[in-house]
Every structure is written in structure tokens, then in C-alpha cells.
Amino acid sequence: MAMNSLMKSKVCPFFSITLLSCFPGLSFAQSGLESVGDLTQVIVPAYALGMAANEEGSEGVTQWSYSFAATMATVYAIKSSLPVQRPDYENGDRKDSFPSGHTAAAFSGATFIHRRYGLERAVGPYALAVFTGYTRIEAKRHRLGDVLVGASIATAWTWALVDEKAQVQVSVDRGQVALRYVLSLD
């Protein structure tokens, strides 16, 4: 039990710092509503990570990590390969509108809670995730399609990688990375 507490005390700060580093524009919000959306994009996945860190064992934290990383990697790969102008043209020539990273982050956390702990515990986080998407549209940072695709990417990755009976294993051997998904049918 003491080892589990020690692991949680070292793992949670590491993942919290990693989580916050995924949001470099957090402090540059222009309006109050946008500021709240900037916060909810961090609060929802951080809450999900906290739930996982408080359970026995580390499988929840591992699944959260893989699903969040896969979500954000996909979002930023698409952003860099499909440059779409943001709707707020005052922002200069920024072409990183599609898909919405804020919405993807929030939905990643909400879907993690739904998948691992049930829909009842995910209703509030889903409401915050929807609100996050709304703030991005209202602030003219994204269009509806950007928000819907961000939410879809997060939902797809999280639904695929998170299950209380599943384990995701990564191994590296001679420069090759292997990802293994194991589902227990017990």
C-alpha cells in the first residue's frame, strides 16, 4: 500500500506538468468566456487523471496517458498537415483551426471517465467538454466542424484505448515500437 501511495505521489505531479505543457496558449485568452474555456480544457482531463491516480494499481493512469497522448498527437498532426485559417482573421495568418485541440482535450477526459467509471460520473465532465467547444466557437477561434472533429478524435481514441478490463502495453526493441492491446474476457 505504501508503494502505491509513493507511486501516486510521483506520478501525479509528472502527469500534471505534462498535461499543462500541452496547452501553451492557456494564458492568452481575450475574453472571460474564452478564459473559462481555456481552463475547462485542462480541468476535465486533469480530473480524469486524478480519478485514475486514486484507484488501486496504475492501469487507469496508463490508459489515460495513452488515450490522451494519442488524441493530442492526432490533433496536432492534422493541424500541421491541413492548414485551415482560423475564423478570427485579426489573429494574423494562423492556420491551425482544424481540429479544435481545446475540445479534443476536454472530450478526452470526459470520455475517459465515461468509459472507465460509467456515464453517471461523466455527465458533468461531458457538460464541461461541450461548454469548452462552445467557447471556442463563440470566441471565433474555431468553426463548428473544428469542434466536432476534435471531440470525435478524442472520443474514438479514448473509446478504443480505455476499458477497465483492458491493458495497453508498449515495448521498444531494436528501434521498433510495438503497441499491444489486451482485453480480458473474465
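Predicted model: local features only at pLDDT ≥ 70, side-chain atom pairs only at ≥ 80, totals over all residues.
Student: What's the overall layout, in helices and strands?
Tutor: The protein has six helices and two strands. From the N terminus, the elements run α-α-α-α-α-α-β-β.

Student: How much of the protein counts as buried?
Tutor: Of its 186 residues, 39% are buried. The protein exposes about 10,000 Å², and carbon and sulfur atoms supply 64% of that area.

Student: And the contacts with a separation of 6 or more: what share comes from residues 24 or more positions apart?
Tutor: Such residues account for 65% of those contacts.

Student: Back to helix 5. How many residues, and how far does it reach?
Tutor: Helix 5 covers residues 119-138, which is 20 residues. It reaches 27 Å from first C-alpha to last, close to the 28 Å expected.

Student: Where does helix 5 bend?
Tutor: At Pro125, by about 30 degrees. Pro125 is also among the buried residues of helix 5, along with Tyr126, Ala129 and others.

Student: What do the buried residues of helix 5 pack against?
Tutor: They pack against helix 2, helix 4 and helix 6.

Student: Take Thr135. Buried or exposed?
Tutor: Thr135 counts as buried because its relative accessibility is 0%, and the cut-off for buried is under 20%. Leaving aside neighbours within four places in sequence, Thr135 is in contact with Leu33 and Gly37. Thr135 and Thr40 are 95 residues apart in sequence, yet their C-alphas are 9.9 Å apart.

Student: Now helix 4. What does Phe107 touch?
Tutor: Phe107 sits in helix 4. Not counting residues up to four places away, Phe107 touches Tyr126, Ala129, Val130, Ala151, Ala154 and Thr155. Phe107 is buried, at 12% relative accessibility.

Student: Switching to electrostatics. How many salt bridges?
Tutor: The count comes to eight. One of them joins Glu34 and Arg141, with the closest N and O atoms 2.8 Å apart. Glu34 lies in helix 2 and Arg141 in the loop between helix 5 and helix 6, so this pair ties together parts 107 residues apart in sequence.

Student: Are Glu34 and Arg141 buried or exposed?
Tutor: Glu34 is buried at 5% relative accessible area, and Arg141 is buried at 8%.

Student: Which residues are linked with them in a network of salt bridges?
Tutor: Asp38 and Arg136 join Glu34 and Arg141 in that network. Arg136 is one of the buried residues of helix 5.

Student: What does Arg116 form a salt bridge with?
Tutor: With Glu55, at 2.5 Å between the closest N and O atoms. Arg116 lies in helix 4 and Glu55 in the loop between helix 2 and helix 3, so the pair ties together parts 61 residues apart in sequence.

Student: And Asp96, which side chain does it meet in a salt bridge?
Tutor: Arg86, at 2.6 Å from N to O. Asp96 is partly exposed at 22% relative accessibility, whereas Arg86 is buried at 5%.

Student: Last one, the surface. Which residues form a nonpolar patch?
Tutor: Leu39, Ile43 and Leu128, with about 250 Å² of accessible area together. Leu39 belongs to helix 2 and is partly exposed, at 47% relative accessibility.

Note on methods:
Residues numbered from 1 in each chain as written. Heavy atoms only, no water. Patch = residues over 30% accessible without salt bridge, like charges linked within 9 Å, V, L, I, M, F, W, Y side chains within 5 Å. Areas by Shrake-Rupley, 256 points an atom, 1.4 Å probe, with all protein chains shown as cover. Salt bridge = Lys/Arg side-chain N within 4 Å of Asp/Glu carboxyl O. Helix = DSSP H or I, 4+ residues; strand = E, 2+ residues; numbered from the N terminus. Buried < 20%, exposed > 50% of the residue type's maximum accessible area, 1.4 Å probe, protein only. Expected span 1.5 Å × (residues − 1). Bend = angle between axes of the 7 residues up to and from the residue. Contact = heavy atoms within 4.5 Å.
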